[in-house]
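Subject: Structure handover

Hello,

Here is the structure we talked about.

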Amino acid sequence: MNLIFLGPPGAGKGTQAKLLTEKYNIPQISTGDILRGAVREATPMGVKAKGFMESGALVPDEVVIGIVEERLAKPDCVKGFILDGFPRTVAQADALQRMLNGLDRAIEHVISVEVDNAELLERMAGRRTCRACGRGYHVTFDQPKVKDRCECGGELYQRDDDREETIRKRLTVYEAQTAPLKQYYAGESLLRPISGIGSIDEIQRRIVAIIEGRQG
Ligand code: ADP
Ligand code: ADP
Ligand code: ZN
């Protein structure tokens, strides 16, 4: 089961991907989580990526393509994987196709989570993220059981790029660079659009229905 989660920042991709990793026991590959880890550890890649991320721009294609290539080669991906936040440009989608051809694998569904900008702003402005595992919570929509603590024990913080000005920039970048991937994957008959409005459970059921072939 090889899946892509496509959608604007704040749509709920990470939240849904984390639930599916538990349900199907396949890894979530979040380029954003991996990049934030590299920035925190100040690796050469992290140093290179930091400025792009802080300004709400995309990190250069070759950097993220390298991350995904390395990650897909790990043994835990043999049963399948969920790509969360990759690809984000046509060049990344083309590179992914080449990688998967080389591994004799193919994407089964590109789940496109649709949420309007007003809701996205509210979700991102209230998002709190776990420093340890990357899980997202929300100050009103998805509160942690223990204040400022993730279920994994990690500390919750507000991402630097989850401030209104940067959020608006990221939404513009999404429209210009990532939204064209919807046509790209529609052309391959892989696009499965779903509404991302509703409770986290409701959206999970929509995704599971697609995966289990009850729809789409
Ligand atoms: P969100 O979940 O809000 O969409 P992500 O965690 O996926 O945010 O990404 C945060 C930032 O990391 C992006 O704004 C971008 O700078 C960088 N990034 C993540 N994935 C990619 C990618 N596939 N290509 C380029 N930049 C990326
Ligand atoms: P993405 O990975 O697409 O950027 P996240 O999964 O991090 O998005 O979700 C963005 C924010 O919205 C988080 O604060 C999360 O708790 C919250 N959220 C996720 N799904 C829903 C939902 N269905 N309804 C309300 N808030 C949600
Ligand atoms: Zn955590």
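How do the residues of the shell around ligand 2 divide into nonpolar, polar and charged? Seven are nonpolar, eight polar and four charged. Please bear in mind that this is a predicted model.

**Ligand 2**

The shell around ligand 2 holds 19 residues. Gly10, Lys13, Thr15, Arg127 and Tyr137 come nearest. Three elements each supply at least two residues of that shell: α1 (13-24), β6 (136-138) and α9 (200-211).

Some polar contacts to look at:

- Thr15: an N or O atom of its side chain is 2.6 Å from an oxygen atom of ligand 2.
- Gly14: a polar backbone atom sits 2.8 Å from an oxygen atom of ligand 2.
- Ala11: here too a polar backbone atom is involved, 3.2 Å from an oxygen atom of ligand 2.

How much of ligand 2 does the protein bury? Taken alone, ligand 2 exposes 560 Å², and 92% of that is buried by the protein.

**Ligand 1**

Ligand 1 has 20 residues around it. Thr31, Arg36, Ala57, Arg127 and Arg170 come nearest. Note Arg127: it is listed among the nearest residues for ligand 1 and also for ligand 2.

Which helix gives the largest share of the shell around ligand 1? That is α2 (residues 31-40), with four residues. By class, the shell around ligand 1 divides into eight nonpolar, five polar and seven charged residues.

Nitrogen atoms of ligand 1 take part in these contacts:

- Thr31: an N or O atom in its side chain is 2.8 Å from a nitrogen atom of ligand 1.
- Gly85: a polar backbone atom is 2.9 Å from a nitrogen atom of ligand 1.
- Val59: a backbone N or O atom lies 3.1 Å from a nitrogen atom of ligand 1.

On its own, ligand 1 has 560 Å² of accessible area, and the protein covers 95% of it.

**The chain as a whole**

The protein chain has nine helices and eight strands. Its radius of gyration is 16 Å, close to the 17 Å that the globule rule gives for 216 residues, so the chain is as compact as a globular protein of that length. The C-alpha trace spans about 45 × 40 × 35 Å along its principal axes. Of the 216 residues, 50% count as buried.

One pairing across the sequence is worth a click. Glu114 lies in strand β4 (residues 109-114). Glu114 and Gly7 are 107 residues apart in sequence, yet their C-alpha atoms are 6.4 Å apart in space. Glu114 counts as partly exposed, at 31% relative accessibility.

**Cysteines**

Cys133 counts as partly exposed, at 30% relative accessibility.

Over to you.

Best wishes

Methods
Residues numbered from 1 in each chain as written. Chains lettered and ligands numbered in written order. Predicted model: local features only at pLDDT ≥ 70, side-chain atom pairs only at ≥ 80, totals over all residues. Heavy atoms only, no water. Buried < 20%, exposed > 50% of the residue type's maximum accessible area, 1.4 Å probe, protein only. Near = heavy atom within 4 Å. Polar contact = N/O pair within 3.5 Å; in protein donor to acceptor, adjacent residues only side chain to side chain. Areas by Shrake-Rupley, 256 points an atom, 1.4 Å probe, with all protein chains shown as cover. Nonpolar A, V, L, I, M, F, W, Y, C, P; charged D, E, K, R; others polar. Rg over C-alpha atoms; globule rule 2.2 N^0.38 Å.
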